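Please prepare a short briefing on the structure shown below.

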Amino acid sequence: MKCTYLFASVALASVTSAQVSVDWVATHDVAPDVGNEFTAVAIDATGRVVVGGNTIINWPMVDSDFETCLYRSNGTLAWSRSTSVSAHDVCSSVAFDGTGGLFVAGAGYTDAIQPVSARTLLRYDAVGNLLWSNTLSGTGSNRGNALALCPNGDVILAGALNSDLSLERFDAAGNILWAWIADGHGGIDHLKAVAVGPGGDVWATGVVRGGPGPGPSFRIVVVRVTSAGVPVWIRTLEDLIYRPGYGHALVVDAAGNTTVAGRAGPSGPDALIARWDPAGNLAWVRTYDGNADSGDYATRIEVDPFGRIVAAGSLENGMGNHDFAVWCLDTAGSLIWKRTWDGGFSGWDDFGDLVVDAMGAVWLCGWSPASPVGAAPPDLTIASWDSTGAFRWSWRYRGAGPSTNRSAVCAAVSGNNVIVAGSVTAGSETQNGLIVKLNRTAVEYCFGDGSSTPCPCANASAPEQHAGCANALGRGARLVDNGRSSLAADTLVLEGSQMSSGDALYFQGTSSMSGGAGELFGDGLSCVGGTLIRLGSSVNVAGASRFPDVGDPSVSVRGLVTTPGSRRTYQVWYRDASVFCTTANFNFSNGLLITWTL
């Protein structure tokens, strides 16, 4: 076994728009001429990362083993295990078990040409010992597609058994406590995603195939069973307009409402987001079409810190290729914002996974063209938008060989950090597993939304805006970063918006006020403390301004920042001419904490 651990170099990564740094990069190669890829990732509360995937024997043949790796929070490999169950093993999902160990789910196939499949669930302890393996084969399709942990440490496995919908509950010793099996309409059915919700009930979504009526017979299915495996309801989207259909992912809120991301439509199909109430009544359906008769889809879904629904997938861009796509909706199904992203050259951007972090920032990972179509293999890529839908940055990783990077998955660590994993080409024949920890070097803080020190006159701004206290115009001023806070190549720009059309002062500090909560001053919160430096003043136009502007020195030069790793705080102090709150006529934006790199 060979594992390479390295810090990223700028030759391997590129960044646009706002800032992201690479904390560490690790590649995993079991042996020469053996291919490795990561297809699943999970993170525990201590920052440990488990990645699951495959070791492909006799590359590029299809025979493979389950490959499971545990990384410490600093990116060093704790252990890795290759486990063979069948001739061709495929990992679908990984999860920590709550005691330091972990579960691995997937399927094994006996033959690549006429496969007989087996549903597989593995459990390892914290140091990598295989505690047990539960494999079940039979006629038709058998898969372990998704995992959900129960409050008492049991685990739910969703997938297919004998081509039927399957939910199983396992205890810590690997015993099956119950199994719920259901046949949709006599076709090949399976569940793709699962969640444990209120009271321990279990929700899942997937596809049933076959059934009455003309046309394609693929239907989205959503099921709810009790913690004891007793069915509560099962629903399918039967109307012809929603066929063919497929449920890829779901989220369940505290009340038991279920929202599913998938694809459906009479032709194409279209990306779909649908919601059912706790009783199984269909509340609403939204579909999104990138181009007529195109194959659009939504395959991931999360709830952001503000209770909004964020789904992601792919839309055709009109050039015969696909772009990343992300939708933000409220719980009534109203679209708040929608964004698409072309990684370059109008080529095919293959979406892989979605993360919404603790700040409400949205991260999409996948792979995108590195050059005009056909001239070079795609890069592993990630793109990010903030909670308002404003694009923040993109990043990509280039492999060393001619083959395609694949299998991009990602997971949030905490705050503004994210893990992205997949595979990277390593030479003329093989590919290695890849895992990267990214982190935003510019972090917004000290918001006027009630999460910090309360605003002076109950003039709070909306939480999802990440702004300062509201001004006379009824909105909070927002400060964001653009460019790079690099001492060697400083392109950092501080951008203020949503202010009154008056004077604005940009300034820098060496610390934050009241531990980052801010202190009351004027109509807002003073967030920046320590040694203060006035960077420059501007006159807002349409409520916006920036520093540096044309002719201004860079932020690092004006702020006297010379040491890599230095952390500085920034804020905008602006005039708010109308007296509506205190007797003062000024207010502040949110704060911004920036780490300067070499």
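Gly-262 stands opposite Leu-272 in strand S22. The model is a predicted one, in which local features need pLDDT of at least 70 and side-chain atom pairs count only at pLDDT 80 or more, while totals for chains, interfaces and linings use all residues. Residues are numbered from 1 along each chain as its sequence is written, and side-chain values use heavy atoms, with hydrogens and water left out.

**Strand S22 and its partners**

- Strands here are DSSP runs of E with at least two residues, numbered from the N terminus, and two strands pair if DSSP finds at least two bridges between them.
- Strand S21 (residues 258-264) pairs with S22 in the antiparallel sense, over 7 bridges.
- Strand S23 (residues 282-288) also runs antiparallel to S22, and 6 bridges join the two.
- Leu-272 has Thr-287 as its bridge partner in S23.
- S22 and S23 form a hairpin with 5 residues between them, and Gly-280 in the turn has a positive phi of about 90°.
- Strand S22 (residues 270-276) is largely enclosed by the rest of the structure, because 7 of its 7 residues are buried.
- Buried means under 20% relative accessible area, exposed means over 50%, and partly exposed lies in between (1.4 Å probe, protein chains only).

**An open sheet of 3 strands**

- Strands of a sheet pair through backbone hydrogen bonds, either parallel or antiparallel.
- An open sheet is formed by 3 strands in the order S36-S37-S44, with antiparallel pairing.
- Its edge strands, S36 (478-482) and S44 (545-547), each pair on one side only.
- Neighbouring strands of this sheet are turned by 25° against each other on average, direction ignored; the axes are lines fitted to C-alpha atoms, and angles run from 0 to 180 degrees between N-to-C directions.
- S36 and S37 (residues 493-497) pair over 5 bridges, and the bridge partner of Asn-482 in S37 is Val-493.

**Partners of strand S47**

- Strand S35 (residues 442-445) runs antiparallel to strand S47 (residues 591-595), and 4 bridges join them; Val-443 stands opposite Leu-593.
- S45 and S47 likewise pair in the antiparallel sense over 4 bridges, with Tyr-570 opposite Leu-592.

**Aromatic rings**

- The structure holds 16 aromatic pairs; rings of Phe, Tyr and Trp (its six-membered ring) pair if their centres lie within 6.5 Å, and planes under 30 degrees apart count as stacked, over 60 as edge-to-face and the rest as tilted.
- The rings of Trp-573 and Phe-588 are a tilted pair, because their centres are 5.3 Å apart and their planes are at 35°.
- This pair links distant parts of the chain, with Trp-573 in strand S45 (residues 567-575) and Phe-588 in strand S46 (residues 586-588), 15 residues apart.
- Trp-573 counts as partly exposed at 31% relative accessibility, whereas Phe-588 is buried with a relative accessible area of 1%.
- Phe-521, Trp-573, Phe-586 and Phe-588 form one aromatic cluster.

**Enclosed space**

- On a 1 Å grid over the protein atoms alone, a cavity is a set of points where a 1.4 Å probe fits but cannot get out, and its lining residues have an atom within 4 Å of a point.
- The count comes to 1 cavity of 30 Å³ or more, and the largest cavity has a volume of about 40 Å³, taken as the space filled by probe spheres set on the points.
- Residues lining the largest cavity include Met-359, Asp-386, Arg-440, Glu-444, His-466 and Arg-478.

Terms used:
1 Å grid on protein atoms, 1.4 Å probe; cavity = no way out; pocket = protein on both sides within 12 Å on 5 of 7 lines; lining within 4 Å.
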